[in-house]
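My entries follow in the order in which I looked things up.

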Amino acid sequence: MYKYIKNKELKLNENRFIAVAGNVGAGKSTLTKLVGEKLGFKTHYESVDTNPYLEDFYKDQSKWGFHLQLYFLSQRFKQQHLITNNGFNNIQDRSIYEDVEIFAKNLYDSGVMSEKDYNTYRELFHNMVSHLKSPDLLIYLDGSIESIIDRIDKRGREMEKLVNHSYWENIHKRYDNFISKYDKSNILVVNIDEVDLLENEKQLDELCNEIKKILKLKN
């Protein structure tokens, strides 16, 4: 159900920062909300409904891919800059690292984003993250691709439901590769095939207790 991967030693008495990672539909926003409320963390969500490029991107990735990634990068930087400086414990729906290592790289590898645009994007990313606090914990929502696609279908966003399943399968594989190399923080893997935080309050309590132990939070 849970798997803990320790990459860093945490310092005591610091404000904590959790980033929540996972494929589209994995349940990042739900976990962010529930854990944030349970632990009293400031919550930060991905700009989806207000994103001016997302619907256009799903219709024409070649035309709008670069614009979409720049928008997400800008929004994520503003969030993480606030997280770095606000003096609170924070939890964020999707990390800035996923933008560059999964979504932008996928566009470049598939020929949708040009090498010139991709190099410009990566340079901007590296300049940005040098000014930001890294997460203390990355919670990765893992599970079967069947669960991911089922959740996307049930969520009912028409622009997502129109996307070929091979796209989500490709992103899913890229997440596995990303997590295997990620070393910016400790990782807590949550299996979404076995955990339902909305319907099972005991599992939410178990997860929050695990988080408190990892982050050395006071009860």
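**Entry 1: α4 and α8.** I began with the crossing of α4 and α8, which is right-handed (a crossing is left-handed if the near helix is turned anticlockwise from the far one by less than a right angle, and right-handed if clockwise). I noted that helices (H or I, at least four residues) and strands (E, at least two) are DSSP runs, numbered from the N terminus. Helix α4 covers residues 96–109 and helix α8 covers residues 165–181, and their axes come within 10 Å and cross at roughly 130°. Axes here are lines fitted to C-alpha atoms, for helices over the stretch in contact, and angles run from 0 to 180 degrees between N-to-C directions. α4 and α8 are therefore oblique to each other, given that angles under 35 degrees count as roughly parallel, over 145 as roughly antiparallel, 65 to 115 as roughly perpendicular and the rest as oblique.

I then listed who takes part in the contact, which means heavy atoms within 4.5 Å. On the α4 side I found, among others, Tyr97, Glu101 and Lys105, and on the α8 side Tyr167, Arg174 and Phe178 are among them. The residues of this contact divide into seven nonpolar, two polar and five charged; for these classes, Ala, Val, Leu, Ile, Met, Phe, Trp, Tyr, Cys and Pro count as nonpolar, Asp, Glu, Lys and Arg as charged, and the others, Gly among them, as polar.

**A note on the source.** I wrote down that this is a predicted model, in which local features need pLDDT of at least 70 and side-chain atom pairs count only at pLDDT 80 or more, while totals for chains, interfaces and linings use all residues. Residues are numbered from 1 along each chain as its sequence is written, and side-chain values use heavy atoms, with hydrogens and water left out.

**Entry 2: α4 and α5.** I turned to the packing of α4 with α5, where the angle is about 175° and the axes are 11 Å apart. α4 and α5 are therefore roughly antiparallel to each other. From α4, residues including Ile96, Val100 and Ala104 meet residues of α5 that include Tyr118, Tyr121 and Phe125. By class, I recorded nine nonpolar, no polar and five charged residues in the contact of α4 with α5.

**Entry 3: α3 and α5.** Helix α3 (residues 61–85) packs with helix α5 (residues 115–129) at an angle of about 0°, and their axes are 11 Å apart. That makes α3 roughly parallel to α5. The contact is made by Phe66, Gln69, Leu70, Leu73 and Phe77 of α3 together with Asp117, Tyr121, Leu124, Phe125 and Met128 of α5. I sorted these residues into eight nonpolar, one polar and one charged.

**Entry 4: Phe77.** Leaving aside its neighbours within four places in sequence, Phe77 is in contact with Ile96, Met128 and Leu132.

**Entry 5: Asn7.** I found Asn7 in the loop between β1 (2–5) and β2 (17–21), and Asn7 is partly exposed at a relative accessible area of 34%. Asn7 and Asp183 are 176 residues apart along the chain, yet their C-alpha atoms are separated by 6.1 Å. The side chain of Asn7 reaches the backbone oxygen of Ser185 at 2.9 Å.

**Entry 6: Asn51.** Asn51 lies in the loop between β3 (42–44) and α2 (54–59), and at 8% relative accessibility Asn51 counts as buried. Beyond its neighbours within four places in sequence, Asn51 is in contact with Leu68, Tyr71 and Phe72.

Entry 7: Most residues other than glycine have a negative phi. I asked what phi Arg94 has: the value is near 75°, which is positive in a residue other than glycine. Arg94 is found in the loop between β4 (90–93) and α4 and is buried, with a relative accessible area of 4%. Lys216, in the segment after α9 (201–215), has a phi near 60° and counts as partly exposed at 45% relative accessibility.

Conventions: Buried means under 20% relative accessible area, exposed over 50%, partly exposed in between (1.4 Å probe, protein chains only). A polar contact is a pair of N or O atoms within 3.5 Å; within protein, one must be able to donate a hydrogen and the other to accept it, and residues adjacent in sequence count only if both atoms are side-chain atoms.
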